[in-house]
Structures are given as structure tokens and as C-alpha cells.
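This report describes selected features of one protein model, arranged by topic. Please consult the sequence and the structure alongside the text.

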Amino acid sequence: MQPFGRHYVVVRPLFSEDSFAEQHERINRNRKTLRHHLKDYFTCDTNRAKNAALSFLPIIGWMKNYNIKEWLLGDIVSGISTGLVAVLQGLAFSLLASLPPGYGLYTAFFPAIVYFFLGTSRHLSVGAFPILSLMVGAVVTRLVPDEGPSANITGFEGLSLEQQRVLVASSVTFLMGAFQLIMGLLQVGFIVMYLSDTLVSGFTTAAAVHILVSQLRFVLGLDFPGINGPLAIVYTLVEVFSRITNTNVADLVTSIVIMSLVLIVKEINDRFKSKLPVPIPIEVIVTVIACGVSYAFNFEERFDVVVVGEMVNGYESPVAPNLEVIKESAVEAFPMAIVGFAVAFSVAKVYSVKYDYTIDGNQELIAFGVSNMFGASFRSFAASTALSRTAIQESTGGKTQIAGVLSAMMVLIVIVAVGFLLEPLPRSVLGALVIVNLKGMLMQFRELPFLWKNDRSDFVTWVVTFLASLFLGLDLGLAVGLGAELFTVVCRTQFPRCSVLANITGTDIYRDRKDYISISEPDGVKIFKIPSPIFFANIDFFRDKLVQAVGFSPLRVLKKRNKALRKIRKMLRNGELEVSDRGLKVRQPSLTTSEDDGNMESLDQPTDFSGLPIQVNWNTELPANISVPPVNIHSLVLDFSAVSFLDISALKGLKMMLKEFIRIEVDVYIVSCDVYVMEKLNQCTFFDDEIKTSIFYPTLHDAMLHILEKHPDHGELEKDISINYGVIQRESIAV
């Protein structure tokens with residue numbers, strides 16, 4: 001290849017795949033079998049043991065490179081700031097889990113300590129996550145409702161309502177962690193790839209609406225039991241509006257003031273984040289003020305405000321998960337494991353790209369699995385990461401998980417020493433803080449116009465996931481959303497946009513003929529592009545699209561030609577036709593006005609001219625009582641550049657389709673076929689006497705040059721041929 005200004009010149013022979021293989025020998029690579037992969041996987045040596053240890057304990061890798069002078073101060077400031085927010089979010093998200101607020105502090109402590117040793121992200125703030133808390137709360141209220149008897153579960157005997165709920169939450173969290181650990185050990189971290197950004201956006205938006213509605217009873221000071229299951233959001237809204245006259249004015253005013261202040265200060269933080277050394281910790285400030293005011297004016301007794309009440313004092317002894325609860329909650333625990341990991345991995349990936357380090361999806365699964373199982377043993381509930389809390393840890397200077405450990409230490413101080421100071425805090429304040437932190441997720445509605453304009457399939461996925469999660473519940477909604485997403489993927493591959501290509505004049509580039517003006521399409525040639533893998537579900541679709549593109553059905557043409565030959569043979573035997581210099585001449589009219597079908601089974605076989613004194617030119621006029629559909633192409637080119645695989649069913653269908661074209665004298669060429677697809681065709685005996693390897697060409701332009709070389713004057717001749725099948729004449733058939 002020689003450069004020439006803004007042009008390039010390539011001088012090489014015209015290649016088919018056969019001629020290319022003759023001139024360029026391939027290396028015969030020995031690919032590993034399953035036995036070799038298993039042997040390598042279970043073989044252990046010193047280096048592999050060292051790498052496994054470093055992989056399982058990432059702390060070893062980053063701690064030895066820890067820069068004390070540059071990172072320590074930032075980690076300390078970040079740890080203190082994040083710890084204060086973690087305390088408040090732990091208390092607030094406990095309400096979503098239908099648990100006493102103090103147990104959220106356990107969730108902010110135990111999982112963070114374990115993740116410090118096992119996690120690969122340096123910036124994640126591990127702890128309670130509102131969506132997971134809501135999913136845990138759905139299980140808790142189902143098994144231990146506010147009103148009515150609890151589920152008949154062994155182990156509930158002698159426990160108070162709160163203790164039963166804590167046992168349920170810790171048991172389902174343990175199962176969730178077990179699922180994550182198993183997936184990590186099985187190296188299936190790739191499963192998160194099936195949760196697209198669109199699906200996660202629709203799911204989290206629906207979850208935000210659920211959280212918003214669930215907090216209305218705290219913000220308004222209404223007293224009614226939590227509701228879960230399908231249509232729970234509708235029933236909750238009915239309860240809210242039916243009891244709206246019982247609103248506690250003190251709770252409502254407090255909530256409005258808190259939300260207004262927090263929103264205003266958060267806006268200031270966003271606008272002036274480049275000038276502020278650290279974001280203003282408005283949640284901490286309003287919480288301290290609300291606690292002081294509530295205590296000073298005795299909100300609990302004077303205004304009948306529900307407060308946090310007695311906090312956990314120190315740590316309780318470990319508890320084993322309840323097996324019956326695990327059986328009852330297995331269906332809910334698995335989507336919780338997926339959602340918790342997907343959200344955490346997505347956030348971790350953002351910061352790993354920003355700060356140029358790698359994260360391991362499988363190790364993250366192991367880290368969160370162990371964190372949740374360990375935390376559940378000490379009565380914490382499901383942990384992942386909260387987007388706002390992680391943003392605070394990063395924006396305040398956090399460089400490593402040292403900040404995460406320090407934030408856990410802040411939580412520890414509250415648990416063992418100063419937790420009693422939060423007892424006068426109104427629960428409406430926690431509800432208001434939860435609602436304010438939903439702003440980012442609720443603003444995802446703004447994605448809809450963009451999706452509608454640019455990608456209708458993603459729009460459908462978003463809307464279906466949102467509506468299903470909103471009305472059926474988060475667990476069923478996630479399953480429905482995943483089904484909708486996979487359905488759109490199947491539709492895209494099953495019904496892709498096929499196109500007929502033409503040459504951009506003066507180049508070796510070929511594009512859709514509908515999109516350009518300056519194109520050249522040689523007469524008698526059709527170039528059909530297949531833009532997706534070919535498999536059992538779309539082979540018939542491709543066949544139909546190809547028939548539309550060429551303008552005829554090759555099988556129908558083949559059958560008509562074979563029926564016409566039978567008729568010609570019969571007419572010759574009956575003396576109705578005779579051979580002349582111009583071909584076959586009609587001697588006398590046939591008394592039969594219809595074609596003799598004869599044996600229908602052999603009509604799709606190759607045209608057989610044996611026994612005839614001529615070979616019929618099907619592009620000329622035929623006797624009046626014989627009709628054959630026209631074939632206006634001599635070459636068909638299939639562009640396989642986007643075909644990544646073929647399955648056996650599609651291979652059989654493709655082989656039959658190519659044979660039909662070949663049998664009606666249309667030359668078929670396949671171009672830009674992937675090498676491994678070619679290997680599969682060879683392995684599956686695709687080639688025979690009719691379909692040969694010589695029809696394959698490395699590029700589309702190679703095939704077109706070959707066709708023009710084979711039919712140099714067909715374009716001009718084609719213009720001179722005028723065939724009118726509507727005119728019935730009894731003339732000779734040209735040889």
C-alpha cells in the first residue's frame with residue numbers, strides 16, 4: 001500500500017478465499033480442550049498461590065503502596081465526613097427495612113470493616129442502600145406484619161415483634177450474601193452485564209418512587225402498617241389519602257423545613273463545589289438542630305411526634321440465620337444479591353476509571369458476599385453502597401478504604417457512646433432526609449425523551465421495567481424488566497435491518513443504496529447485507545428479506561421451471577413442438593391449457609435438460625400455456641461481515657437457500673466471512689458438489705471485480721432484452 005496525498009493505492013491480486021489460502025498459509029494453532037482448561041484451573045504453584053492470595057486480599061496490594069504524606073489527611077477528613085452521613089443514612093434506611101433505627105448503625109459498621117480487607121474499590125462507601133433496605137422491608141413486613149399474627153416459623157417463640165423482624169432481616173441478608181459469595185466463587189461476575197444502564201435506571205427510578213411513598217407516613221405523622229406485595233404502592237397511597245386529615249402538623253412542618261434547607265444547601269454545594277474545601281454537611285447540621293429542638297420542646301409528648309426512641313447500646317451477641325426464614329425468602333434474596341452487586345459495581349467502575357485502577361467483578365462479589373454474611377451474624381441488614389455517600393467519600397479527599405474504616409469508627413463511637421443523643425430525633429426528620437436523597441434517582445425521568453428519540457427498544461425496556469417494578473414490586477419488577485430487555489435483544493437479532501448495497505462511485509466502498517445519490521449498482525447483481533448473527537430464530541426472516549430484495553422466490557422459480565420442462569417434454573412426445581434452426585417451434589396448438597404437475601416431490605431438484613435437444617433460455621418468451629417467473633439477476637452477493645456465528649439450524653437453512661439460487665443459474669458469492677465461521681462450515685459438511693469454497697471472497701470488492709470480469713458486457717446486453725410475459729405468442733423457444 002502506497003500513500004498518495006489524501007489517497008491510497010493498493011496493488012494486489014484479486015483474491016477468493018481459495019486463492020488467498022494458497023498464497024498465505026495459516027498457522028495451525030492447537031486450541032486447548034476442556035480437559036486442559038480444567039487441568040490449568042486446578043494446577044497450583046508458588047506464583048499462582050501468591051496471585052490468589054493477592055486477589056483474595058486486595059488490601060495487601062494497595063497498602064504496601066500507601067502514600068502516607070499525600071493520602072492520610074484526605075482519608076481522615078473523608079472518613080469523618082462520610083461517617084457522620086453513614087450514621088444518619090443508617091438510621092433513615094432502617095425505616096425502609098421496617099426495623100428499629102439503631103440497627104442501621106450495625107449495617108454501617110460490620111460490612112464496611114470486612115470490605116476493607118476484601119474489596120477492590122478504593123472509593124466505595126459500604127453500608128445501607130435505600131433500594132435494598134426497601135426490598136428487605138418487603139420480606140420483613142410479609143413475614144412479620146404490623147397487624148395480625150407473624151408467619152408460623154420455628155424460632156419466633158418468645159421473641160418480641162422487633163426481635164422477630166431483626167431475625168428475618170438478618171436471615172435474608174445472610175442468604176443474599178451467600179448467593180453473592182457463591183457467584184463470586186463460580187466466577188460469574190459477568191452476570192451484571194445483563195443489567196443494562198437503561199434497565200437499572202428504570203428499576204431505580206421505580207424504587208425511588210416506592211421509597212418516596214413509603215416515607216409519606218413518617219413525614220405526615222400517620223399511623224398505619226406497612227404494606228408489601230403487588231400493588232403495594234397503590235394500597236399505600238389509598239391509606240395515606242384516607243388518613244390525610246390525621247396529619248401531624250408538627251411532623252409535616254419539620255419535614256418541609258428540613259427538606260427545604262437540605263435542598264438549598266445541596267444546590268449550593270453543587271454550584272460552588274470547586275470553591276468549597278469540603279461540602280457543607282447539611283444533613284448532620286439539621287439533624288443536630290432537630291435533636292436539640294425536639295429535646296428542648298419535648299416534641300414527643302407536647303406534639304405527639306414519633307421519635308427514634310431507645311437506641312442500641314453496644315453490640316449484641318451473634319445470631320445464627322433462621323433456616324425457615326431462608327426458605328421463605330429465597331425468591332426475594334436472589335434479586336437482592338443481583339441488585340446490590342450491580343449498583344455497587346457500577347459505582348465502583350465509575351471511580352476506578354476516574355482514578356485509573358482496576359476492579360475485579362468476581363472479587364467484588366466475594367467481598368460483598370462475605371460482608372453481608374458476616375454483618376448478618378451481628379444483626380445488620382443488606383449492605384451495598386449509597387451513591388450520595390460514596391460521592392461524599394470521594395469529594396472530601398478519600399483516596400483508599402482507610403476512609404471507609406474511619407467512617408466505620410465514627411459509627412462505632414455512636415453505637416457505644418453517644419447514640420443516646422439521637423433518641424429525641426423525630427422520625428419525620430429521617431423520612432425527610434431519605435426523600436431529599438432521592439432527587440438524583442427521581443431525575444432519571446429526564447432520560448425518557450432522549451431514549452424515545454434515539455432508541456425505542458431501550459425506551460420500551462425503561463418503561464416496562466419502571467411500571468413492572470412500580471406495581472408488581474421490586475423483585476418481580478426486576479425479573480420482568482430483565483425479560484423485557486432480553487426480548488428487545490432477541491428482536492434486534494431476530495429482525496435486524498437488512499439492506500441492499502451499491503457501490504459508491506469511484507471507490508471500493510459499498511453502502512445502502514437508499515442512503516446515497518452517487519452510487520453504482522451493476523445490472524444483474526444484488527448485494528445483500530446480513531447485519532447480525534444467523535441462528536434458528538432468524539433464518540426464515542433472512543430468507544423472506546432476501547426474496548424481497550431480489551424480487552422473486554428461487555424455490556418457486558425452480559419449481560415452475562421443472563414443471564415447464566415436463567410440459568416441453570410432453571409436447572415434444574405429442575408432436576406439438578419441433579426443433580428448428582431457431583429452436584423449438586410450435587407445430588400445433590395444445591389441447592391442454594394447464595401445466596401437468598406430475599410428481600410434485602422432485603420439482604425442487606436441479607433442472608435436468610437430459611432428453612431435450614435444446615437447453616432452454618428462460619429469459620425469452622415461452623409458449624402461451626407455460627409461465628415461468630422472471631429472474632433478472634445473474635449474481636447474488638451475501639455480505640457476511642456482521643455475521644459472528646451460525647448455529648446448526650441456520651446452517652441447514654442457509655445451505656438449502658443457496659442451493660435454490662444456484663439451481664436457477666444465479667451465481668452466489670459470500671464475502672467477508674469470519675474465519676471461524678468458515679471453519680464451522682467446513683466441520684459441518686456445508687460444502688458439496690453444488691456449494692463450493694470458491695464462492696467465498698475475502699472482501700466485497702474482490703467478489704464484485706470477479707463478477708464484472710465474468711460478465712463484462714451483461715450490463716449493456718441487459719438493456720437490449722425486453723421480455724413481456726403478458727403477451728401470449730406461439731413462437732419458437734430460443735436455444
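## Basis of the description

Helices (H or I, at least four residues) and strands (E, at least two) are DSSP runs, numbered from the N terminus. The model is predicted: local features need pLDDT of at least 70 and side-chain atom pairs count only at pLDDT 80 or more, while totals for chains, interfaces and linings use all residues. Residues are numbered from 1 along each chain as its sequence is written, and side-chain values use heavy atoms, with hydrogens and water left out.

## An exposed loop position

Thr685 belongs to the loop between H26 and strand S13 (696-697). Burial is expressed here as relative accessible area: buried means under 20%, exposed over 50%, and partly exposed in between (1.4 Å probe, protein chains only). With a relative accessible area of 57%, Thr685 is exposed.

Leu430 is part of helix H18 (residues 427-436) and counts as buried, at 0% relative accessibility. Leu430 and Gln89 are 341 residues apart along the chain, yet their C-alpha atoms are separated by 8.1 Å. Contact means heavy atoms within 4.5 Å. Neighbours within four places in sequence aside, Leu430 is in contact with Leu88, Leu91, Ala92, Leu95, Val308 and Leu425.

## The crossing of H6 and H15

Helix H6 (residues 103-118) and helix H15 (residues 361-377) have axes that come within 8 Å and cross at roughly 150°. Such axes are lines fitted to C-alpha atoms, for helices over the stretch in contact, and the angles run from 0 to 180 degrees between N-to-C directions. The crossing is right-handed; a crossing is given this name if the near helix is turned clockwise from the far one by less than a right angle, and is left-handed if anticlockwise.

On the H6 side, the contact is made by Phe110, Pro111, Val114, Tyr115 and Leu118. H15 contributes Gln363, Glu364, Ala367, Phe368, Val370, Ser371, Phe374 and Gly375. These residues divide into nine nonpolar, three polar and one charged, where Ala, Val, Leu, Ile, Met, Phe, Trp, Tyr, Cys and Pro count as nonpolar, Asp, Glu, Lys and Arg as charged, and the others, Gly among them, as polar.

The expected span of a helix is 1.5 Å times one less than its number of residues. Twelve of the 14 residues of H7 are buried, so this helix is largely enclosed by the rest of the structure.

Helix H25 (residues 648-663) has 16 residues and reaches 23 Å from its first C-alpha to its last, close to the 22 Å expected. Its buried residues include Leu651, Leu654, Leu658 and Phe661. Among the elements that cover the buried residues of H25 are H23, helix H24 (554-573) and strand S11 (635-639). Glu660, within H25, counts as buried at 4% relative accessibility. Leaving aside neighbours within four places in sequence, Glu660 is in contact with Arg543, Pro554 and Leu555.

## Aromatic pairs

Rings of Phe, Tyr and Trp (its six-membered ring) pair if their centres lie within 6.5 Å; planes under 30 degrees apart count as stacked, over 60 as edge-to-face and the rest as tilted. The structure holds 29 aromatic pairs. In one of them, Phe495 and Phe541 are arranged edge-to-face, 5.4 Å centre to centre with 85° between the planes. Phe495 lies in the loop between helix H22 (474-494) and strand S5 (499-504) and Phe541 in helix H23 (residues 539-550), so the pair ties together parts that are 46 residues apart in sequence. Phe495 is partly exposed at 47% relative accessibility, whereas Phe541 is buried at 16%.

Ring pairs also link Tyr103, Tyr106, Phe109, Phe110, Tyr315, Phe374 and Phe378 into a cluster.

Most residues other than glycine have a negative phi. Asp356 is not a glycine, but has a positive phi of about 60°. It is located in the loop between helix H14 (323-355) and H15 and is exposed, at 72% relative accessibility. Glu665, likewise not a glycine, has a positive phi of about 65°. Glu665 sits in the loop between H25 and S12 and is partly exposed, with a relative accessible area of 44%.
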